[in-house]
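Notebook open, viewer loaded. I'm jotting down what I look up as I go.

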Amino acid sequence: MQKFFVLQVVRFVLVGIINTAVGQSVTIFCYFVLDNIFTANIIGYSIGLSISYCLNSRWVFGQNRHLQWLSFFRFLLVVVVSFLINIAIIYGLVRLGCPYVFAQLSGAAAYTLTSFLLFKLWVFR
C-alpha cells in the first residue's frame, strides 16, 4: 500500500511537469503565431489542463472510464481552489516580509499538496 502511494505521488509530480511543459510550450507558440497574450494563454492553459485531467485520471488515479463530466467539473474546481490557496499563501508570506522566492515555493507546495489530496479523495475516488 505504501509503495502504491509513493508511486502515485511520483506519477502526480511527473504529470505536473508534463502538463506544465506542454501547456507553456503551446502558450509560447500561440503567442508568436497569434500575437495575442490572452488568447495564447487560454489555449495553452486549456491544453495543459486537459493533459492534466487525462493523465491524472487514468495514469495516476487509475480511472478506466471515459470522460466523466462530474469528475471533470470537480477537477476544475480543485484547480481553482488550489490556485486561490497558492495565491493567498504567496501574498500572505510576502506581506509578512518573507522573500518572494520562498513565498512562491511555499505556495507551489501548498497547491501541489492540496490538489493531490483533493484529486485522490474527492475527484478520482
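Predicted model: local features only at pLDDT ≥ 70, side-chain atom pairs only at ≥ 80, totals over all residues.

Is Cys30 buried or exposed? I looked up its relative accessibility and got 10%, so Cys30 counts as buried, the cut-off being under 20%.

Cys98 has 24% relative accessibility, so I put it down as partly exposed.

Cys30 is in none, and the nearest cysteine sulfur belongs to Cys54, 18 Å away. A disulfide would need the two sulfur atoms within 2.5 Å.

Stepping back to the whole chain, I counted four helices and zero strands. Read from the N terminus, the order is simply α-α-α-α. The C-alpha atoms fill a box of roughly 40 × 40 × 25 Å along the principal axes. Of the 125 residues, 29% count as buried. I also looked at contacts with a separation of 6 or more: 63% of them come from residues 24 or more positions apart.

How do α2 and α3 cross? The axes of α2 (residues 37-60) and α3 (residues 69-95) come within 11 Å and cross at roughly 120 degrees. That angle makes α2 oblique to α3. I noted the crossing as right-handed. On the α2 side, Leu49, Ser52 and Tyr53 make the contact, and on the α3 side Ser71, Phe72, Phe75, Leu76 and Val79 do. Sorting these contact residues, I got six nonpolar, two polar and no charged.

Notes
Residues numbered from 1 in each chain as written. Heavy atoms only, no water. Axes fitted to C-alpha atoms, helices over the stretch in contact; angles between N-to-C directions. Helix = DSSP H or I, 4+ residues; strand = E, 2+ residues; numbered from the N terminus. Parallel < 35°, antiparallel > 145°, perpendicular 65-115°, else oblique. Left-handed = near helix turned anticlockwise from the far one by under 90°. Contact = heavy atoms within 4.5 Å. Nonpolar A, V, L, I, M, F, W, Y, C, P; charged D, E, K, R; others polar. Buried < 20%, exposed > 50% of the residue type's maximum accessible area, 1.4 Å probe, protein only.
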